[in-house]
Amino acid sequence: LSFAMAQHVGGIIASMTSTAQYMERGVIYEPKTAFTGDDTFSIRTYYVNENSVDTLRSEPIQVNVEVTADRPEVMAEKPTVFYMNRVVKPGEQIEVNMRVPYLDPTGRLTKIELESQARYGEIEMSQDILIYKAAMPSLSDTEEMQSEDFTPRATVDTIFYNMREINRPELYDEVALIVTVSDDETFAPALSQPTANFTVQRSTAIRTSFNTFNVLHYFTLANGGALGIEVVDEPTNGYASTGSMLNPFVGPTKTIHIYSNVFYYLFLVSMGVGVVVFLMAPLLKKWMHGIN
């Protein structure tokens, strides 16, 4: 019974400390054996629209890879701003949970500091929830929309805030909440820059160099939906595919917080069970003597 209970509790701990919920799609690159130099391939993202059978794709981004003989100190620059994208129609409102799980896995490690206000609407705060109320179009905008030469356009509002660690205030992550005010129902993924650069170590006959790159932060989707990745042009001196990896904002520090949080409560439960067993010991002893 003890062995079975230990296996069951172990499975619960494994599920609670799993980082699978913080994984995202990435690109895997493997250079050919003994190759050093520069390699290039192209990828793009796609979004499966729920309202139709259409699959919307972005423009391709060129991935430049430098393959070196020595292990690089930095494979790629870490993004400095975490972007969240949301869509709202004019005159309506949305609610956004500002406490991003990637930046605060346990939900109580940071405090939120608002850095900017909305330009094209009004915002209200309800604990960790930001309520964005989009403004209605003005009279001049309405007259323009009725004209024959009118081209639909979206208004983009960016609200910046920080998630600062409570115990170490000098550490914080900057978040940009991008709200698109538009009547459109569908949005295609957009590319933020034309190229991405990475550095990897070469493969040898003894050691194969598998490298997974975070690339999703180079693309945006107005409604914040999940993006897929596909390879457009294959590399000349290596092999490219897609896989999963941790979001670049999670890192080892935040995963340690996940473990410490779970084992803290496990310690409290164990102590509670121990106290109950200790208090019940005399009754159990008396019951056992009574049977004898």
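This is a predicted model: local features need pLDDT of at least 70, side-chain atom pairs count only at pLDDT 80 or more; totals for chains, interfaces and linings use all residues.
Visitor: Which element gives the most to the lining of the largest pocket?
Guide: Elements that each put two or more residues into the lining are β1 (23-31), β5 (81-88), β13 (195-201) and β15 (219-220). With 6 residues, the one that gives the most is β5.

Visitor: How many residues in the lining of the largest pocket are nonpolar, polar and charged?
Guide: Tyr counts as nonpolar in this scheme, while Gly goes with the polar residues. Sorted that way, the lining of the largest pocket has 20 nonpolar, 12 polar and 6 charged residues.

Visitor: Why does Phe-267 count as partly exposed?
Guide: Phe-267 sits in helix α3 (residues 251-291). Phe-267 counts as partly exposed because its relative accessibility is 48%.

Visitor: On to charges: are Asp-104 and Arg-99 buried or exposed?
Guide: Side chains of opposite charge can pair when their charged atoms come close. The side chains of Asp-104 and Arg-99 do meet in a salt bridge, at 2.8 Å from N to O. As for their setting, both Asp-104 and Arg-99 are buried.

Visitor: Why does Glu-165 count as buried?
Guide: The side chain of Glu-165 meets that of Arg-168 in a salt bridge of 3.4 Å, N to O. Arg-168 counts as partly exposed at 36% relative accessibility. The cut-off for buried is under 20%. Glu-165 counts as buried because its relative accessibility is 19%.

Visitor: Which residues are linked in a network of salt bridges?
Guide: The structure holds 8 salt bridges. Linked in a network of them are Arg-44, Arg-57 and Glu-230.

Visitor: What phi does Ala-34 have?
Guide: Most residues other than glycine have a negative phi. Ala-34 lies in the loop between β1 and β2 (37-48), and at 53% relative accessibility Ala-34 counts as exposed. Although Ala-34 is not a glycine, its phi is positive, at about 70°.

Visitor: Where is Gln-127, which has a positive phi of about 60°?
Guide: Gln-127 is not a glycine either, yet its phi is positive. At 77% relative accessibility, Gln-127 counts as exposed. Its place is in the loop between β8 and β9 (129-134).

Visitor: How far apart in space are Ser-126 and Ala-240?
Guide: Ser-126 lies in strand β8 (residues 121-126) and is partly exposed at 40% relative accessibility. Ser-126 and Ala-240 are 114 residues apart in sequence. From C-alpha to C-alpha, the distance between Ser-126 and Ala-240 is 45 Å.

Visitor: And how far apart in space are Asn-261 and Met-16?
Guide: Asn-261 is in helix α3, and at 17% relative accessibility Asn-261 counts as buried. In sequence, Asn-261 and Met-16 are 245 residues apart. In space, C-alpha to C-alpha, Asn-261 and Met-16 are separated by 9.7 Å.

Visitor: What separates the C-alpha atoms of Phe-198 and Met-16?
Guide: Phe-198 belongs to strand β13 and counts as buried, at 4% relative accessibility. Along the chain, Phe-198 and Met-16 are 182 residues apart. Their C-alpha atoms are separated by 33 Å.

Terms used. Residues are numbered from 1 along each chain as its sequence is written. Side-chain values use heavy atoms; hydrogens and water are left out. Helices (H or I, at least four residues) and strands (E, at least two) are DSSP runs, numbered from the N terminus. Buried means under 20% relative accessible area, exposed over 50%, partly exposed in between (1.4 Å probe, protein chains only). A salt bridge is a side-chain nitrogen of Lys or Arg within 4 Å of a carboxyl oxygen of Asp or Glu.
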